[in-house]
Every structure is written in C-alpha cells, then in structure tokens.
Amino acid sequence: MSEPLHAHSALRLRLLLSALFVPLFLAGAVFFGVWAADTGSGDSPGRGTLVVIAVVCGAFVLLAAADLLVVIRRLRRERGTGTP
C-alpha cells in the first residue's frame, strides 16, 4: 500500500485561508446587505439578487468560521494542549 493510514490535511494553510476569508465574506455580506437596502424598485441589480448574494456571503462566513474552529482544535490536539 502506498497510501497513508491516516491522511492529514494542511492545517496551517486551512487556518490561514479561514482567517482570511471570514472577514472578507463578512465584509461582502455587509456590503451587499447595505446595497440591497439602498436599492430602489427600478435599479439593476434588483434587491432580491443583492439579498441572495448577501445571504450566500453570510453562509460562507459561517462555513469559514466553523472550519477555523475545527482547525484550531486539531492544532491544539496535535500539540497536546487541549481537550480531545
């Protein structure tokens, strides 16, 4: 067998990317939410489109934050300074 028994992901890279994308997606959600609030009835893009984009950005914030928490927990466990 050439495959390892326990595969490891690049935790430090995941930590960096999650830490980078949480504030970016948060800023995007706020930006598109404010833009949607200021959109008139005949504007393009419409309010519905902007709300959908803001919600998608918000979902990505939650996913990136959850990944950040998982990565921090795994790094602590690898160092032996945390709860399993």
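1. To start with the packing: α1 and α2 lie against each other at an angle of about 155°, and their axes are 7 Å apart. With over 145 degrees as the cut-off for the label, α1 and α2 are therefore roughly antiparallel. As for handedness, the α1 and α2 crossing is left-handed. Sorted by class, the residues in the contact of α1 with α2 are 25 nonpolar, four polar and six charged. Please keep in mind while reading that this is a predicted model.

2. On the overall make-up, the protein chain contains two helices and zero strands. Helix α1 covers residues 11–37, and helix α2 covers residues 47–79. Of the 84 residues in the protein chain, 18% are buried. If you take the contacts in the protein chain between residues at least 6 apart in sequence, 62% of them join residues at least 24 apart.

3. Now the aromatics. How many aromatic pairs are there? The count is five. One of them is Phe-21 with Phe-25: the ring centres are 5.6 Å apart and the planes meet at 25°, and since under 30 degrees is the cut-off, the pair is stacked. Both residues sit in helix α1, four residues apart, which means about one helical turn separates Phe-21 from Phe-25. On accessibility, Phe-21 comes out as partly exposed at 32%, and Phe-25 is also labelled partly exposed, at 24%.

4. Phe-25 has a second pairing to look at, this time with Phe-60. The rings of Phe-25 and Phe-60 are 5.1 Å apart centre to centre with 45° between the planes, which makes this aromatic pair tilted. Why does this pair deserve a point of its own? Phe-25 belongs to helix α1 and Phe-60 to helix α2, so the pair ties together parts that are 35 residues apart in sequence. Phe-60 has a relative accessible area of 38%, so the label here is partly exposed. Put together, Phe-21, Phe-25 and Phe-60 make one aromatic cluster.

5. Leu-24 is in helix α1 and, at 48% relative accessibility, is partly exposed. For Leu-26 and Phe-60, the C-alpha to C-alpha distance is 8.5 Å at a sequence separation of 34 residues.

6. Ser-18 is worth a click. Leaving aside residues up to four places away in sequence, Ser-18 touches Ala-64, Asp-67 and Leu-68.

7. Moving to the end of α1, Ala-37 is placed in that helix, and with 56% relative accessibility Ala-37 counts as exposed. The C-alpha atoms of Ala-37 and Val-51 are separated by 8.7 Å, and the two residues are 14 apart along the chain.

8. Last, a backbone point to check by eye. Which residues does the cis peptide bond join? The bond is between Ser-44 and Pro-45, and omega is about 0°. Most peptide bonds are trans. Pro-45 sits in the loop between α1 and α2.

Definitions and conventions. Residues numbered from 1 in each chain as written. Predicted model: local features only at pLDDT ≥ 70, side-chain atom pairs only at ≥ 80, totals over all residues. Heavy atoms only, no water. Phe/Tyr/Trp six-rings, centres within 6.5 Å; stacked < 30°, edge-to-face > 60°. Buried < 20%, exposed > 50% of the residue type's maximum accessible area, 1.4 Å probe, protein only. Axes fitted to C-alpha atoms, helices over the stretch in contact; angles between N-to-C directions. Parallel < 35°, antiparallel > 145°, perpendicular 65-115°, else oblique. Left-handed = near helix turned anticlockwise from the far one by under 90°. Nonpolar A, V, L, I, M, F, W, Y, C, P; charged D, E, K, R; others polar. Contact = heavy atoms within 4.5 Å.
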